[in-house]
Amino acid sequence: MRVKTEERRQAIIERAAEVFREEGFDRASMSEIAARVGGSKATLYSYFKSKEELFIAVMKGSIEVAKVYKPFADPTLPKIASFNELRETLVAYGLHYIRLQASADALSVRRSLIAHGDHSDLGKVAFESGPLQNYMLVAAFLERMMREGYLRQEVPWVALGHLIHLLESGLILPRLIGVIKSITPEMINEAVPRAVDIFLRGYGMSQHIAKLDREAA
């Protein structure tokens, strides 16, 4: 019975994602979501107490989210034996991260959160319910890299913010506001390594940066 219940919950999340993507948070209704699931609003509310709770479940429910942050879930992993391995790890993270953020569902969620930023707590609650914990995993990894001598000592959370903004630079904001209509795999594959190299030149210890420059020459 539990398996069936979990399947039903996942079906609700998947249909809700469609509605939120098509209608946005404000115009999306629990009635429409229930109709697409094939049940009543009462059934919907037995799984989720509110539209806000369902929206957060949609945001957290992506398989891609788990893929992006799984390597950092264990505080001792990933194992790093060289500066080049650190670069490879950050590039792999950046590729997964930007592919996720460029997806239709992620863009829809972000647009809704931005629209509600000044007149509700939806964005704050959504951020604290999912992204905050995920970002903290990566910040902890960067802090470990500082302790191990690959990165200079700085505030890990600030370093993470710089990494995220570098990764998103020229891609996510233009896509959000429609300056570009799609983010292609080629664009991601070109932008992410460049962003990581800029980050490492800013935060990497000088002896490692010199080696990186020699290898790039």
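The following dialogue shows how several features of this predicted model may be read.

Biologist: What span should helix α12 have, and what is the distance between its end C-alpha atoms?

Modeller: The expected span is 1.5 Å times one less than the number of residues. Helix α12 covers residues 185–203, and its 19 residues should therefore span 27 Å. Its end C-alpha atoms are 27 Å apart, which agrees.

Biologist: Which residues of α12 are buried?

Modeller: A residue is called buried when its relative accessible area is under 20%. In α12 the buried residues include Ile188, Ala191, Val192, Ala195, Phe199 and Tyr203. In the protein, buried residues make up 40% of the 217 residues.

Biologist: Why do residues three or four places apart point the same way in an α-helix?

Modeller: An α-helix has 3.6 residues a turn, so residues at that spacing point the same way. Consider glutamate 190 and arginine 194, which are 4 residues apart in α12, or about one helical turn. Their side chains meet in a salt bridge, at 3.6 Å from N to O. Glutamate 190 counts as exposed, because its relative accessibility is 54%, whereas arginine 194 is partly exposed at 45%.

Biologist: Where do glutamate 18 and arginine 15 lie?

Modeller: Both lie in helix α1, which covers residues 2–27, and they are 3 residues apart.

Biologist: How many salt bridges does a search of the whole structure find?

Modeller: The search finds 11 salt bridges. One of the pairs is arginine 152 with glutamate 154, whose closest N and O atoms are 2.1 Å apart.

Biologist: Is isoleucine 177 buried or exposed?

Modeller: A residue is exposed when its relative accessible area is over 50%. Isoleucine 177 has 60% relative accessibility and therefore counts as exposed. Isoleucine 177 is found in the loop between α11 and α12. Its C-alpha atom is separated by 9.1 Å from that of arginine 111, 66 residues apart along the chain.

Notes. Residues are numbered from 1 along each chain as its sequence is written. This is a predicted model: local features need pLDDT of at least 70, side-chain atom pairs count only at pLDDT 80 or more; totals for chains, interfaces and linings use all residues. Side-chain values use heavy atoms; hydrogens and water are left out. Helices (H or I, at least four residues) and strands (E, at least two) are DSSP runs, numbered from the N terminus. Buried means under 20% relative accessible area, exposed over 50%, partly exposed in between (1.4 Å probe, protein chains only). A salt bridge is a side-chain nitrogen of Lys or Arg within 4 Å of a carboxyl oxygen of Asp or Glu.
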